[in-house]
Amino acid sequence: MNVTALIDAAKDGILTGSLYALMATGLTLVFGVMDIINVAQGILVIVGAYLSYALSVHFGIDLFLGLLITIPTLFVVGIVIERAFLGRLKGPEKTAMSILVTYAVSLVIEGSLNMIFSVNPVQLHAWYVNKSFVVGGYHFAFIYLAGFALAVVLLSALYYMLYRTRFGVSVRASLADQASAALVGIDVRRVSTICFGIGVAVTAAGGMIYGATTTFNASTSYDLISRLLTIIVLGGMGSLGGAMLAGVLLVFVGNVVGVIAGAVWSTMAYYVLLIIVLLVRPQGLFGKQSARVA
Amino acid sequence: MLKTKRLWWVLALGVFAGFPLVVTNPSYQTIAFYSLLYMACAASWNMFSGYSGYIALGSGVFYGSGAFTMALISIHTHMAPGAAMFWLVPVGGLVAAAFAVPLGWIGLRVRRHTFVVITIAFFFIFQNAAINFSFTGGTAGLNLPFITWGFSYYDLPFYYVALGLVIFIVILSAAVRRSRFGLQLMAIRDDEDRALGLGVKVAAVKLTGFTMSAFTIGMAGAVYAMFLGQIYPQFAFDPMFDLSIAMMAFFGGMGTLVGPLVGALILESAQQYLTVNFSNGSLYLILLGGLFLIVFMFMPQGIVVYVRDTVTKKAAREKAAVASIDLAMAEGSET
Amino acid sequence: MTTLLSVQGVSRAFGGVQALNDCSLEVEKGSITGLIGPNGSGKTTLFNVITGYVKPDAGAVMFDGQFITYARPDDVFSRGIGRTFQLTRIFGQISVLENMLVATQREESWLRGLTRSKSSKAEVETAMEWLDFVGIARLADLQAGALSYGQRKLLELAYVLVADPDVILLDEPAGGVNLTLINQIADRIRTLNRDGKTFLIVEHNMEFVMSLCESVTVMHQGTSLVSGTPSEVRNNPLVLDAYLGGGEEVEEEEDASQGIAHG
């Protein structure tokens, strides 16, 4: 085993892990506020990637500059999805139904993407995508660093919004208890819609970096969404901090296992880790203690 | 009422039994075969998830295990290609059920929405394992003993075996619905903690239901492998399968007997038809997703329940009955 | 008189909130015992501890001479303790009659459930009798979710009764229902009590409690304050204090303990 390779894997794991953390935070925010599991998150990441792709190929707009367009676009897409379908969900089977409904949405998007962009995998290109530099003997790929920086900036913005703004107070109240939040006059419906928009908007940034680091087509979304779901369950559903930590942890573990035992086992490692954690803590790392007796 | 119901079942059975004798075009027979296979799977899925409300999205694990059981045993015992291989169908079911016990034991300890995600995780573990282990043939797949009972009616035996499987599952499903066990599953769906407080052994009941549904899905997987004659891990363990059967069950009406059958019949035959005639998978994705969303928006309980409730004017009847008792109670006390 | 159910020094905290603090309670066999106290005084949590939904941090629960402190809800039920919930809980998507049948098997093994039909003729008859007893027999075939609020309360009472428990814990049976129905529920409870059923009732409606119960325990801030006959309790200065002063500080606890309901 090569120590340098191991350190490289660990370092890249943390850098890319932050990006998964960002995308998973959007997912867990939506779950925490609305009790909705948005399995369309995976395909929306791909939509973000394709949007960046279209902007850069057809209009020559830089990938990072393009985010100024793609992030608001996906925010609107999120709001439309929420208003059209998810607002109708209610009752005890809301969460389960939300999976099927968002999956249906994701199928429609997947089919449309296949027709528009074909199923041939593409990758985002820019002059800096394959640049890297050396610090202290270690290679740092520019795009990983940029992704890390982007994730940190966006997560900080999200946290600022949650903890420093009036809207954030409403969101945190809804996270804690929707019924009580509604009682003290918070428009939970509006908070939900906006949170869903935000949860989806972060996929634009995630998708751009994702698309620049790997080739993708619409069906790549299955791998993405299964990772993201694993992350939020591992972190504890509805826990923002849990999603961030689990995001970094999973990719980190996956990369390290990949170097030690071979790439084949790296994906497997996520799921095995998840099941081990759930055996010990059924509510995930930072999940609210469920008082259920069973 | 009960009599007309039975009549409908017999009529439907007659149509299905006679179909391949009337429609002899092999490509339509193939469509019909796949529709039956998915009817079997959607009804099996419904037997646990529809009744208990625990949405499982990793049923591909059982479909795939059934398929690989069929492939591996028939290859390694050098079975003569032919009808004798059908004996492996229940074996495929048993292997799937054997996997279901530990998976269910782990997965059913957590809350409902976490269960969904855990079943997805199980699925990807199995898919990964199947692709990477050598005994599954890896991405190159496995070739089963090649059956040659004349191409022109190649589908026929499979069609009737699939029909038999559907009948078996419908009977089993109906039996579950009528049993105390089925009642307990439905009580769990409506309010699990309350059911526990009324003496229902929720953990055991859930695990039993989960295993039963795995058994019948495993059988369907075995038939699928035998029909194809070759299997690949990436198709035997297909994430689309998991979600498709759940959507089919919902589409028709989750938790009802007929709903999943109707849902699977409509959606699977549509998919097969589109694939055969337009070889366009993307169109199917849009159609499946779009149809589902339309049904969700206008008939949130599924087609079958919607039609039934509309025909019997259920809402109005209920309202009247409830009001009359409320009134009687108010009056009764005055006297 | 013998003690059927006793709670001995039970404590339980949720996070930082001490919901129950050294709480004790005795229910005589054949009695109707009332449990009153301001909001958040821990009444529902006490019910949850007795029925096995919440494990106590300290103390013991004894039923019919046996400790059931750590028994699970299904076990508690099969020993003969039935219970209704403050927020009525019925099975909404199955029929009214089927709701009754869920509770029928008290000590049946789960394996038996696989091989038997959901009801025997005798069970249906008993179920119908109880539905008739509470006055909703004509709704037996309706989907339970369609029932009105009052009817749900009656159904919940009926399906607890069908299992023939020895003691029945009622959490606010008169809450949110009209006066006519309150009187009817009180009548039913008296009738059942005459036939030998023991009741423990949490209720805010004082008139209801005072007219029905022969013994009343008052809870305050998680602990049992006073026990006695209705008139003794009514005239106890401590009780007045409890109702007029404070009590709000543990307001959230009631939500927390109801919360398991949805978990």
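Trainee: In which loop is the place of C:Lys118?

Mentor: This is a predicted model, in which local features need pLDDT of at least 70 and side-chain atom pairs count only at pLDDT 80 or more, while totals for chains, interfaces and linings use all residues. Residues are numbered from 1 along each chain as its sequence is written, and chains are lettered from A and ligands numbered from 1 in the order in which they are written. Helices (H or I, at least four residues) and strands (E, at least two) are DSSP runs, numbered from the N terminus. On that basis, C:Lys118 belongs to chain C, in the loop between α4 (110–115) and α5 (121–134).

Trainee: Is C:Lys118 buried or exposed?

Mentor: A residue is buried if 20 or more other C-beta atoms lie within 10 Å of its own, exposed if 12 or fewer, and partly exposed in between, with C-beta atoms placed from the backbone. Because C:Lys118 has 24 other C-beta atoms within 10 Å, its class is buried.

Trainee: Which residues does C:Lys118 touch, not counting residues up to four places away in sequence?

Mentor: Contact requires that the C-beta atoms of two residues, placed from the backbone, lie within 7 Å. C:Leu101 is 17 residues from C:Lys118 in sequence, with 7.3 Å between their C-alpha atoms. With that sequence exclusion, C:Lys118 touches B:Arg178, B:Ser179, B:Arg180, B:Gly182, B:Leu183 and C:Leu101.

Trainee: Which element gives the most to the side of chain B that touches chain C?

Mentor: The contact takes 32 residues from chain B and 42 residues from chain C. On the chain B side, two or more residues come from each of α7 (180–197), α8 (202–228) and α14 (314–334). With 15 residues, the element that gives the most is α7(B).

Trainee: Over how many bridges do β1 and β2 of chain C pair?

Mentor: Two strands pair if DSSP finds at least two bridges between them. In the hairpin of β1(C) and β2(C), two residues lie between the strands, and C:Gly15 in the turn has a positive phi of about 60°. Strand β1 (residues 3–14) and strand β2 (residues 17–28) of chain C are antiparallel, and the number of bridges is eight.

Trainee: Which residue in β4(C) stands opposite C:Gln8?

Mentor: β1(C) also runs antiparallel to strand β4 (residues 58–63) of chain C, joined by five bridges. In β4(C), the residue opposite C:Gln8 is C:Ala60.
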